[in-house]
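Subject: Structure handover

Dear colleague,

Here is the structure I said I would pass on. My notes on what was found follow it.

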Amino acid sequence: TGKTLFKRMVARIKRIGNSKFSILFLGSDGSGKTTTIEYIKKELDIPMVSIYGGVGKDGWIFSSLYKLRENNKKSSFIKKVIINKLFLYFLYPLDLFARKLRIIVSGNHRLLLIDRCPELLINNKLTKYLHKYIFPTPNIIVLLKASPEVLVSRKPTELDNNLAKIKLANESNLAKYYEKDNIILMEIDTSIESVNNAKQMIESEIWKLKQFKESLFKKGYFK
């Protein structure tokens, strides 16, 4: 019945929101976050799913919200303030929740890969609770780095050396946001390590999580 389906959906939302095993990927544009995540999903034989937490052009469920945010940069001061507030407190969280709903239909998973954290929510006292509801506290943070010169070479139309340095510092500060939670922090220099090496390093840390291994056997994924 419709009531039963609704209850199942709510239960699955809670399981996603309170996932015990998750990895958060941080890093400047061009550091290799999305590439590494997609490689791990392809090569690592564990049931997993990923969710995007940023505000980049291709990550939105409702693409019109991205266009609204970009067009608002040219708006008058008052209109800009109003839309920014609307975006922060309602539209952005709404899209994040829609992204969360989308991964629910992908079925059961044992590992959640988070591509970027919703920085706008973290930096605002009133929206921090939304971040905690939509995105579980990660078990591992993977901070992907590269030299400013490498980042610029990968994203020449988006970055220059100064902006690359600012983004590197900003991502390091985001990692510090989780320090109080005693989360495993990995720093990987993608200008030195290949995507396969990065995958192996991350995989090694995953298997150090005793509860994670036990959950796979308990659920019958491995015999």
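A helix here is a DSSP run of H or I with at least four residues, and helices are numbered from the N terminus. Please keep in mind that this is a predicted model.

Salt bridges

The structure holds eight salt bridges. Three of them are described below.

In the pair Lys41 and Glu38, the side chains meet in a salt bridge, at 3.7 Å from N to O. Both residues belong to helix H2 (residues 33–43), and because they are three residues apart there, about one helical turn separates them. Lys41 is partly exposed, with a relative accessible area of 32%. Glu38 is also partly exposed, at 41% relative accessibility.

Lys199 and Glu203 form another salt bridge, with an N to O distance of 3.5 Å. This pair lies in helix H9 (residues 195–206), where the two residues are four apart, about one turn of the helix. Lys199 has a relative accessible area of 11%, which means that this residue is buried. Glu203, at 23% relative accessibility, counts as partly exposed.

A further salt bridge joins Glu205 to Lys208, and their closest N and O atoms are 3.1 Å apart. Which of the two categories, buried or exposed, does Glu205 fall into? Its relative accessible area is 17%, so Glu205 is buried. Lys208, by contrast, counts as exposed, at 56% relative accessibility.

Helix H4

Helix H4 covers residues 77–104, which is 28 residues. From its first C-alpha to its last, H4 reaches 39 Å, close to the 40 Å expected at 1.5 Å a residue. H4 also has a kink of about 50°, and the kink is centred on Phe87.

Nonpolar surface patch

Which residues make the nonpolar surface patch? They are Phe62, Leu86, Tyr89, Phe90, Leu94 and Leu126, and the patch is about 570 Å². Phe62 sits in the loop between strand S2 (48–52) and helix H3 (63–71). A residue needs over 30% relative accessible area, and no salt bridge, to be part of a patch. Phe62 passes the area cut-off because its relative accessible area is 37%, a value that counts as partly exposed.

That is what I have for now.

Best regards

Methods: Residues are numbered from 1 along each chain as its sequence is written. This is a predicted model: local features need pLDDT of at least 70, side-chain atom pairs count only at pLDDT 80 or more; totals for chains, interfaces and linings use all residues. Side-chain values use heavy atoms; hydrogens and water are left out. Patches are made of residues with over 30% relative accessible area and no salt bridge: like charges are joined within 9 Å, nonpolar side chains (Val, Leu, Ile, Met, Phe, Trp, Tyr) within 5 Å. Accessible areas come from the Shrake-Rupley method with a 1.4 Å probe; for residues, only the protein chains shown count as cover. A salt bridge is a side-chain nitrogen of Lys or Arg within 4 Å of a carboxyl oxygen of Asp or Glu. Buried means under 20% relative accessible area, exposed over 50%, partly exposed in between (1.4 Å probe, protein chains only). The expected span of a helix is 1.5 Å times one less than its number of residues. The bend at a residue is the angle between axes fitted to the seven residues ending there and the seven starting there.
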